Amino acid sequence: MRSLYNRFIRVLDSCIPLRAGCCAQLSAMSHSSLCLPMQSPSNLHLPAMRNVPTSSKRSLLSNGSLSEPSRKRANIQGKPGKYTGPPMAYFEVLQNGCFGRGRCLFLFTTSAAYLFNVPEGTERLLSEHGVRHGKLQHIFFTRGSWDNIGGLNGLILGLRKAGIGDLHLHGVPGISGMIRGAQHVCEQAGPPVRIQEHYGNEAIYEDCNIHVHYLNLARKEGSEHHTASPPSQANYAYLIRVKQKPPKLLLEKCVEFKVPVGPLLGKLQAGIDVQLDDGRTVLSADVLEKPEPCPAFAILECADIHCLNRLLPLKAFGHLLQPDEKLYAVVHLTEKEVFDDSGYQQWLGQFKPETKHFVLNEHMSPCKPHNEALFRFNVQLNRVSKNIFPFLHVSTYADAPPVDPEATIMSTEPWLRFALRPNAGQTEIVKPTFNASALTDLIESDSDVVKEIACFQAEADKHVVNEEEQLPSLTFLGTSSAAPVRTRNVSGLLVHLAEDCSLLCDCGESTFQQICTLYETSEALAVLRSIKFIFISHMHADHFFGLATLLLQRKLAFTRNGLPYEPVFLMCPQRLPSIMVLFKPYVGDLGELCRHIYTHRSKPMNASSLIALKDALDTLGLKRLQCVPVIHPMGAHGLVITTDQERTIVYSGDTRPCQELISAGQGADLLIHEATMEDNLNEEACTKKHCTISEAIGVGQSMGARFTLLTHFSGRYSKLPLVDSKHDSAPVGFAFDFMHVSLGQLRLLPLILPVLRVLFRTEYDQMLQRTERTTLRKEIAQRELMSATLT
């Protein structure tokens with residue numbers, strides 16, 4: 001019997017696919033949509049779906065085969081049988097809706113991940129939560145608001161870089177138009193992602209992992225045959241059931257029914273009845289244990305009272321569940337005003353006591369760290385200098401109370417994970433271990449680091465910043481190039497000219513979140529109101545994808561304090577509004593919030609721009625605001641600022657070493673210059689029209705700038721850039737996210753780099769080794785080329 005059992009196990013291992021597939025089916029969808037098959041080996045059909053390809057290309061290798069991510073997706077085929085569910089499933093909160101954050105979570109299964117809403121910052125958080133791009137196939141939107149879709153273009157940029165071919169978007173009609181328009185401003189992003197849209201009334205989506213009911217909460221307009229709400233009015237609840245996993249095969253029963261060893265065993269375990277050679281039919285139900293009920297949970301965002309009227313008839317979703325199935329949780333993305341409504345509370349009372357309710361909104365969700373790596377890095381830098389690297393918003397360091405397993409309605413913090421299989425109903429906070437005092441103690445235990453910090457602080461104590469040197473001052477909100485990394489966001493720089501007056505240079509995605517991370521709520525609102533002028537250097541995504549959110553939140557900052565709105569001056573490339581207008585269905589007319597000053601590389605400013613520029617100079621109290629064409633695509637310009645006190649600051653944007661910028665900024669007090677690459681990557685810098693560190697320092701020397709501050713570093717340098725020691729004595733500093741420095745403190749920055757080399761010596765040594773390997777590979781390639789030429 002034991003040997004027979006082992007034979008059965010070996011056969012099962014060879015017959016049952018280890019990788020779960022996803023046979024997508026969609027029914028009762030939009031009457032106006034077009035049914036097209038997905039182009040994969042399984043030729044899976046999605047009935048009544050709207051197929052909106054942004055590109056017909058798949059990510060191919062040079063030999064014509066699919067790239068690894070696309071190949072993996074192409075191999076996700078439909079599994080036959082009724083038991084196709086994953087052995088593991090849980091949902092986890094990415095953003096909890098506190099001030100400055102959106103409301104977003106993902107469902108993780110063994111073979112795929114499903115995302116619910118994509119607010120700004122989602123792409124950055126997914127990697128920290130361990131969700132690989134190759135697993136992400138479907139995004140469900142609860143409402144067509146900018147708060148829910150603001151990070152979609154940034155996420156798709158990441159998917160393009162990973163070579164992902166297809167993505168399914170559920171719930172918001174017409175959203176692919178925004179994506180198609182924005183894909184042209186993504187530098188070095190790879191082939192476009194092909195978008196499939198799904199939306200409709202009371203529809204069903206199904207694949208091998210999950211079964212999803214669409215529940216349309218949007219206000220009905222016109223005919224009953226109206227199939228899709230306008231994008232901004234789209235509002236859905238989703239009931240998600242995780243499909244049954246293959247139950248245990250009863251080997252004794254298989255022997256009793258004389259089922260031969262072979263593929264028939266795999267079919268039986270998948271729930272498929274089989275016919276034997278002697279003509280007998282063996283029912284899968286006769287040889288399988290009783291399957292477990294499907295765990296289910298719901299996600300909804302009730303936008304207003306009108307949507308509440310559509311929600312009440314749904315009762316507790318009981319009509320959508322099988323008799324033995326259990327609704328384990330309901331995730332509420334509903335604002336507090338609607339959540340507290342008596343009708344909504346009455347609807348909540350219909351659920352069984354064992355159903356957990358998780359609430360995500362600004363007024364009920366605690367303000368907690370979402371990017372743990374960012375906070376760890378901030379604590380380390382703060383130990384070096386408390387003035388230059390201030391602690392982030394202090395309340396975010398507070399310890400959270402443990403999750404009460406008996407509570408039925410609870411506020412939700414990021415990193416909350418709710419298990420659906422196994423251990424259905426289990427709740428835990430899975431964030432990485434982070435304790436500021438423990439991290440500080442670890443630094444104090446390293447005598448080399450403590451010695452370097454003491455030397456720096458002794459020098460810092462000798463420098464006294466005069467009152468006239470305190471302004472202008474700088475706060476860096478993003479110092480990474482192209483894409484965010486865990487410790488650096490994409491471009492954003494605040495230049496403080498007075499207590500209530502500042503200008504913003506570039507506005508990458510999540511710039512508003514960075515402000516809310518650094519400042520507590522009232523301070524963040526004051527900072528938003530203080531921004532009188534925004535400069536967008538060029539039309540690459542990492543420099544303006546955060547603009548729509550910042551403009552909307554800036555308007556709210558006036559509204560919350562009962563103040564009349566003051567339009568902001570927006571200096572940007574002339575073509576930028578043609579991209580921003582694609583966001584209009586979700587954000588309204590952003591042009592009403594700005595006074596435009598258009599830049600053009602070959603044409604002078606028009607009359608209206610010149611008038612707005614003069615008014616901006618008066619508002620900011622500046623003598624000069626000069627945009628300078630630089631050597632980079634997408635209408636790139638630098639900016640020269642001169643204050644009434646004759647202090648000049650030059651901001652390069654993205655560029656190669658540019659003589660026109662050098663001439664315009666002669667004798668500047670401060671040059672803020674991009675330094676994307678290390679010196680060893682000069683060829684790559686030339687190709688991409690960026691600068692190496694030495695090239696950027698050379699620009700400062702040619703300009704005669706008193707100090708050069710470098711930023712816009714490649715993601716290779718998440719902690720600190722790789723700098724040749726020959727620059728250690730130069731008047732040069734390196735920017736970090738949330739670094740705050742006045743002109744009078746600039747002379748301290750060169751003293752910080754030696755401290756950081758010791759503090760992060762492991763990472764620095766790894767970068768040196770990587771550079772050595774790169775240099776060696778280049779030398780070998782050159783020798784092989786020379787050898788081939790000689791022969």
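This is a predicted model: local features need pLDDT of at least 70, side-chain atom pairs count only at pLDDT 80 or more; totals for chains, interfaces and linings use all residues.
Six strands form an open sheet in the order β26-β27-β28-β29-β30-β31, and their pairing is mixed. At its edges sit β26 (622-629) and β31 (732-734), each of which pairs on one side only. From one strand to the next, the twist averages 15°. If you look inside the sheet, strands β29 (residues 670-674) and β30 (residues 708-711) run parallel and are joined by 4 bridges. Histidine 673, for instance, has leucine 710 in β30 as its bridge partner.

Now turn to the nonpolar interior. In soluble globular proteins, nonpolar side chains tend to be buried together. Here the largest nonpolar core has 110 residues, and Leu115, Leu152 and Ile534 have the most contacts inside it. This core lies between domain 1 (89-219 + 231-245 + 292-365 + 400-429) and domain 3 (437-464 + 473-773), because both domains give residues to it. To see the packing around one of its residues, pick out leucine 152: leaving aside residues up to four places away in sequence, it touches Val118, Ile139, Phe141, Leu169, Ile175, Met178 and Ile179. Another core, of 72 residues, lies apart from this one and includes Phe377, Phe389, Met571 and Val732.

Finally, find the helix pair. The axes of α15 (residues 447-462) and α25 (residues 752-759) come within 9 Å and cross at roughly 170°. Angles over 145 degrees count as roughly antiparallel, so that is how α15 lies relative to α25. Where they meet, α15 contributes Asp448, Val449, Glu452, Ile453 and Phe456, while α25 contributes Ile752, Pro754, Val755, Val758 and Leu759.

Key
Residues are numbered from 1 along each chain as its sequence is written. Side-chain values use heavy atoms; hydrogens and water are left out. Two strands pair if DSSP finds at least two bridges between them. Helices (H or I, at least four residues) and strands (E, at least two) are DSSP runs, numbered from the N terminus. Axes are lines fitted to C-alpha atoms, for helices over the stretch in contact, and angles run from 0 to 180 degrees between N-to-C directions. A nonpolar core is a set of buried Ala, Val, Leu, Ile, Met, Phe, Trp, Tyr and Cys residues joined through side-chain atoms within 4.5 Å. Buried means under 20% relative accessible area, exposed over 50%, partly exposed in between (1.4 Å probe, protein chains only). Domain bounds come from an automatic or database domain assignment. Contact means heavy atoms within 4.5 Å. Angles under 35 degrees count as roughly parallel, over 145 as roughly antiparallel, 65 to 115 as roughly perpendicular and the rest as oblique.
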